[in-house]
Amino acid sequence: STQITLASRPTGWPTHENFAVATIELPELVAGEVRVANEFLSVDPYMRGRMNDVKSYVPPFAIGAPLEGGAVGRVVESASDDLAVGDVVLHQRGWRDVAQGDASEFRRVDEIPGVPLSAYLGVLGLTGLTAYVGLTVIAPVQEGDTVFISGAAGAVGSAAGQIARLKGASRVVGSAGSAEKVDLLTSRYGFDAALNYKDAPVREQLPALVPDGVDVYFDNVGGDHLEAALDVMSTNGRVALCGAISQYNSTERAAGPDNMSNVVTRSLRLQGFTLAAYFHHMPEFVAEMGPWLANGDVVFDETVVDARDDVSGTIDAFLGLLRGENTGKMVVRTA
Ligand code: NDP
C-alpha cells in the first residue's frame, strides 16, 4: 500500500517537503478486519492545524506516520461478518490507496444512483452537515433573514448558501476569492449578490450588498471578513463561527476585530462550534439533504485531483485547497 506520511512540521505555508511517500507491505487480515481500496480521499482545511504540534480538538499528526482523513472506498477482502466484499464504506484512513483495519472503523453507506461516491466526503457528509448545523442549530436562519457567508464557493460555503435559502432567508450574500467563483455564487448557487475579497477590502464592499444589514453571518474565514460582518450586523443577529481559514498559515498573532463592542450594543450572539459535538444531527440532515439533492434544490461542485500511482496527488490537492484552487469540495481520486 502507498501512503503519505508527515515528514516535518511546517512554519507558515506548508510545502511538498513537509510530506513523504511511503510504500508498506500490508499484513494478512486477522479475524474481524477488512481491506478497502479507497476510491476518493478528502483533503480539508482542519488538516493544516493537525500538522502543528498543538493539542486541539483533534490530536496532531505524528512525524513519520501516515496522515489521516476522510475517505470512501470499496471492501476488497473481508475477515468480518459485518462487511462483505463489494460494500462501499466511509472511514478516516485517507491519504493512502488501500486501508485496512477492524470492520468497526468502517461505516457502510448506500450507493445513490447518479450521485458520485465522493459526495459522502462533501455535500452528503461532514461538510454538508457543518453547513446545516451552522444554520439550523448554531445560528438558526429565520424567514426573511439576510444571511452573509464567507468562503462561499468552497465546500461548506456553497452548501450553506443554498441551505440558507431553503430555510427561508430572503437575501443571501457571499464572498469568494476570484471573479469566476463570484459568478458561480449568483449563477449556480442562488446567491443574490457576491463580492471578490481580493478586489477591495470586504469592509468597503459589503455594506452596499446588505442594505438592510445582516441577521445571520456564517464565518468560514475570520479576520477581515468577521470585522466587516460585525460592522453590518443587525440587532439580535447570530454569528456561527465555523472556521478562520485566513489565519491557518499565518505566523503572526491575528489582530482582533476592532468592533467587538457591537456584540454588546446589538445583542449579537456569536457561537463557535466544532462538528463532532453535533454528529447526532446527521439523520435529520440526511432526511432533508437527500430530497434536496434529488430535486435539484441543492447543487454541488467538486474539484477532483488525480492521486496518481504514488498517491502524491493528495499533497497537491491539499496545498491547492489552502490556496483556493478548488470550487466546491476538493477531493482526490485514487486509481
Ligand atoms: P473550502 O472548500 O472552503 O476550501 C478552502 C477555501 O478557503 C479555498 O477554496 C479558498 O477559496 C478559501 N481561502 C483560503 N485562504 C483564504 C483567505 N485568506 N481569505 C478568504 N478565503 C480564503 O473548505 P471547507 O469548505 O472544507 O472549509 C471551510 C471552512 O469551514 C474552513 O475554515 C474550515 O476550517 C471550516 N470547517 C469547520 C468545521 C467545524 O466543525 N467547525 C468543519 C468543517 C470545516 P477562495 O478562492 O475564495 O479564497
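Visitor: Is Ala 194 buried or exposed?
Guide: Ala 194 counts as buried, because it has 24 C-beta neighbours inside 10 Å. The cut-offs: buried takes 20 or more other C-beta atoms within 10 Å of a residue's own, exposed takes 12 or fewer, and partly exposed is in between, with C-beta atoms placed from the backbone. Keep in mind that this is a predicted model, where local features need pLDDT of at least 70, side-chain atom pairs count only at pLDDT 80 or more, and totals for chains, interfaces and linings use all residues. Residue numbers run from 1 along each chain as its sequence is written.

Visitor: Okay, and which strand is Ala 194 in?
Guide: Ala 194 belongs to β10, residues 193-196. Strands (E, at least two residues) and helices (H or I, at least four) are DSSP runs, numbered from the N terminus.

Visitor: What does Ala 194 touch, leaving aside neighbours within four places in sequence?
Guide: Its contacts include Ala 152, Val 173, Ser 175 and Leu 185. A contact needs the C-beta atoms, placed from the backbone, to lie within 7 Å.

Visitor: New topic: which domains does the protein have?
Guide: The assignment gives domain 1 (2-122 + 301-333) and domain 2 (126-276); such bounds come from an automatic or database domain assignment. Taken over C-alpha atoms, their centres are 29 Å apart. The contact between them takes 16 residues from domain 1 and 17 residues from domain 2.

Visitor: And where's the ligand?
Guide: The ligand lies between the two domains, because both give residues to the shell around it.

Visitor: Which residues come nearest to the ligand?
Guide: Of the 29 residues around the ligand, the nearest are Gly 154, Gly 177, Gly 243, Leu 275 and Gly 324. Being near means having a C-beta atom, placed from the backbone, within 6 Å of the molecule.

Visitor: Which element gives the largest share of that shell?
Guide: That's α3, with three residues.

Visitor: What classes of residue are in the shell?
Guide: It has 14 nonpolar, 13 polar and two charged residues. Nonpolar covers Ala, Val, Leu, Ile, Met, Phe, Trp, Tyr, Cys and Pro; charged covers Asp, Glu, Lys and Arg; the others, Gly among them, count as polar.

Visitor: Zooming out, how many helices and strands are there?
Guide: The protein has nine helices and 15 strands. Buried residues make up 44% of its 335 residues.

Visitor: What does its C-alpha trace span?
Guide: Along its principal axes, about 65 × 45 × 35 Å.

Definitions and conventions: Contact = placed C-beta atoms within 7 Å.
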